[in-house]
Amino acid sequence: MAAAGPRTSTPQRRRPAPAISSPSSKIREIEEDEGEEETDKVVDFSHARTMAEPVIPDLFTQLPPVREGYLTDTLDVQLETARECMKFLDGLNTREPLVTRNEHGVPKLARDRHVRFLHMALGNLPGGFLVADASRPWFLYWSLSALVMLGQDVTSYRDGLIVTARSMQNDTGGFGGGGRQLSHLATTYAVVLSLALVGGGEAYDVIDRKAMWKWLNSLKQPDGGFQVCLGGEEDIRGAYCASVIITLLRLPLDLSPESPAYTGDSNANLFTGVADYVSRCQTFEGGISGQPNVEAHGAYAFCALGCLAILDHPSRSIPRYLDVPRLVSWLSSRQYAPEGGFSGRTNKLVDGCYSHWVGGCFPLIEACLNGNPPSDRHRPGDGDGGVGRVGGGGALAADGPAATATTTTTATATATTASSSGRGGRLPPAEDGLFHREGLIRYILCCCQDTTKRGGLRDKPGKGSDAYHSCYVLSGLSSAQHQWELDDEPRPPLAESPAETKDAETSKIPSDQDIDPEAHLEAVWAVLPYLDGPRVFDNDDCVRPIHPIYAIPQGSVRAIRAYFGEKGQGVVL
Amino acid sequence: MAAELKKELYGGGVGGEDGKLSTDPEWADVEPVVLQEPEGALAAIAYPDDYAEAMAYLRAVMQAKEHSPRCLRLTEHIIEMNPAHYTVWLYRAANVFALNLPILDEITWLNEVALQNLKNYQIWHHRHLLVENYHPLIASDPAAISAFAASERAFIAQMLSEDTKNYHVWSYRSYVVSKLGLFDDADELAAIEGLIDKDVRNNSAWSHRFFLVFSNPAYATPGAAATAYDAGVPAEVVDREIEYVTGKIRLAPQNQSGWNYLRGVMVKGGRKLASVEGFVSEFVIRLGEERSEGGKEGEGEEGEGEDVLSTHALDLLAEIYAEKGEKEKADLSLRRLGQKWDRIRVGYWEWRRKCLEVGA
């Protein structure tokens, strides 16, 4: 067959993994592989309940076919991790006799235990948590978000959250890690999202938006980025958190004369230079670093794409500021077999949290590739002086005449400029998905669940569960179980996935007199359960979808934006 | 600095004989600001008494904007208990600068704290602030810069010996190189080569090398994107880097760090990828050939089929074929990656095949 398609991990009966690297085992793999290639269609085993032995593709039960003998620390821990994960992926119950697995050899989502674990994380914490004294808002967001994804109603936490958030807010704007702590963008982001999660006017009104606007102005830097707190470091987290806060609270974008970024230019605003800053964080590998000139890292990739998707429709903003072919190559390289999970950097180990940081990039990349054609006003090389990747990068590859993953090099080798190129071709859409959903789901359900009474989710086998991993592992699961499509133009909300609950608070439709210049933010992310590939989890193991940029349910985003939209933008000034 | 004076600033501790601030005469003039969690607060921490007390005194002196040796010691006390407290760190920095303390003393103290808290975030920003303040004092003295660079490098080496890929350390290293202008410092490049020799898969080291070589202001075009051609980079630098990285790839052909670096160098240098086709092809054997029926199993036998020693080589080969317009061979390479050699990324390889289609 010519194309195996994206589902080549043909289900087959589990068999013992061959010993490493003997020539004969290599041949045996080739033979097995040839057998697979004859499998032309994906067989749906989901109804084969009579099968006694679980059906697990050998992709997840064997080390990868290319191995090498030059051992260094990196390879050593990689092999150790892969072997450890294989014990959890193999569908046998030798490790966890109490775990029930489905016919795909995948354990059920231990929903009740995870829910209990997360309720505990919101309760009174023992003294050992004092090291988290400056990051309590994170615990609120991680736990509430994870609970919501697990289908829990968190409105019972509204009153508690309101008093907690009030105690963390500073008169000078923003929220600190606790009372009388400096306001910080990360903790403010976490508080704002938490308030959005519990919802309701009383919760939203905790936020002093006028002070918030002033404070954000004080953090805005001349180079486009944001300091994370007054006198603190500047990095791409700051830019993402600020962008989220500004747009959820619908703050005015005006730059105040007190801002370090203020130059008197009346066109400059809080978003000026953010995309350039993001652009400077792309590395030669294609991924994104926390600050310019550092190693590409998964968490920052999500922050970068989140920023760009807030600034404009991803089909315009991402190719304009990033080399997309390189970025996609790097993102896809983060997924490993046999583990199935994502790593955060080249040659680092898989970690469940990257299910979100890396996995969460894919809906944004898909929106970039599948979106409507970029409008001409955003053509690269249109004279705004060195912005974006003019002359040899993603914008070129996306718009140039020979748009393949290789144009970056061929074009740069001849030093042509993008602006002179016509638009004969562009990057193709990503209809079939750019990452292995089944692999990620297997990693999450097999390797990232604490299956003891403790519950919660974790980095990898052998690590303890915590609220951070619970949140981001579930976010990744949610993104693997759903597919997103972003409309180009605003329109009334579609029905969301069946798992999405509807109440009056969350189904508000944004006002038509929306004067937000970021009109694309009203574009609707349509979400559907992902149905195309093999489905290795049971229906009741589905978690709720969350907004691909804001990482809370789309209804919560809509409700808080509608609330502050009705109040009227600019009122705070 | 006299030892006594140092004790007033470093390691002197706070608290009376029972360790409490409330019984320490030095703190008798301060009214602690006790914070009560509101009724019903979420994720409330049951703070140990000593921490709660120290924080109450901290709030009081911060509110009074006091900068003094005792404040410095109080921050040390709190940092020992909770090094992640960013507010305390920034207040400490404010004290250091207000009291005009010798920056190198503070750095010496910080080294110890850093080694005890390898994963900590705040330490590095504190160090950054110290260097920002120290640099103007030595900027015009090359010998002082050089000495400071050497001591920072030694400390960084110590940190990396504990955790070779520590992101904060590498971020800081990149900052120090820029700040002190160490792009042409042979010791810096040698240190990185040492780390790559120790573990050729240390991607942090490769990333830093790329920065050192291709962001060198002596020739790099300011503002050039990392993934773009830079006409300013001398050809001999490009040649040297290709030579270096191909040698390292031979050691460990499936090491993606090397291949990413090689590709990055080719792009920066504006080289055709096809100029390394011979090298890349070494790692892809008999692409697309099936093992003939008569062929015997075993190494190097005639009739043996396709073998791939590096999926990254096959990836690059696909790009080389596409660059040369050999679309079918490019397509075959990508198909084999998805079918056999790198199946977890099959969705990506299929997308790349579609890129070939639209790009033709």
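Colleague: Which residues of helix α4(B) are buried?

Modeller: They are B:Y86, B:T87, B:V88, B:W89, B:L90, B:Y91, B:R92, B:A93, B:N95 and B:V96. Buried means under 20% relative accessible area, exposed means over 50%, and partly exposed is in between, using a 1.4 Å probe and protein chains only. Helices here are DSSP runs of H or I with at least four residues, strands are E runs of at least two, and both are numbered from the N terminus.

Before we go on: this is a predicted model, where local features need pLDDT of at least 70 and side-chain atom pairs count only at pLDDT 80 or more, while totals for chains, interfaces and linings use all residues. Residues are numbered from 1 along each chain as its sequence is written, chains are lettered from A and ligands numbered from 1 in the order written, and side-chain values use heavy atoms, without hydrogens or water.

Colleague: Okay, so how should I read that buried list for α4(B), and what covers those residues?

Modeller: Since 10 of the 13 residues of α4(B) are buried, the helix is largely enclosed by the rest of the structure. The cover includes α6 (185-198) of chain A, plus α2 (49-63), α3 (69-81), α5 (103-116) and α6 (122-138) of chain B. Contact, by the way, means heavy atoms within 4.5 Å.

Colleague: What span does α4(B) reach from its first C-alpha to its last?

Modeller: The expected span is 1.5 Å times one less than the number of residues. For α4(B), residues 86-98, the reach is 18 Å, close to the 18 Å expected. After the helix comes B:N100, with a positive phi near 55 degrees.

Colleague: How do I read two helices packed together, and at what angle do α4(A) and α6(A) pack?

Modeller: Two packed helices are described by the angle between their axes and the distance between the axes. The axes are lines fitted to C-alpha atoms, for helices over the stretch in contact, and angles run from 0 to 180 degrees between N-to-C directions. Here α4 (residues 136-149) of chain A packs on α6(A) at about 35 degrees, axes 8 Å apart. Residues making the contact include A:W138, A:L140 and A:L144 of α4(A), and A:Y189, A:L193 and A:L197 of α6(A). The contact residues split into 13 nonpolar, 3 polar and no charged. Ala, Val, Leu, Ile, Met, Phe, Trp, Tyr, Cys and Pro count as nonpolar, Asp, Glu, Lys and Arg as charged, and the others, Gly among them, as polar.

Colleague: Which residue pairs with B:E188?

Modeller: B:R153, with the closest N and O atoms 2.8 Å apart. B:E188 sits in α9 (residues 186-198) and B:R153 in α7 (residues 142-162) of chain B, so the pair ties together parts 35 residues apart in sequence.

Colleague: And where do B:D331 and B:R335 lie?

Modeller: Both are in α15 (residues 327-341) of chain B, 4 residues apart, about one turn of the helix.

Methods:
A salt bridge is a side-chain nitrogen of Lys or Arg within 4 Å of a carboxyl oxygen of Asp or Glu.
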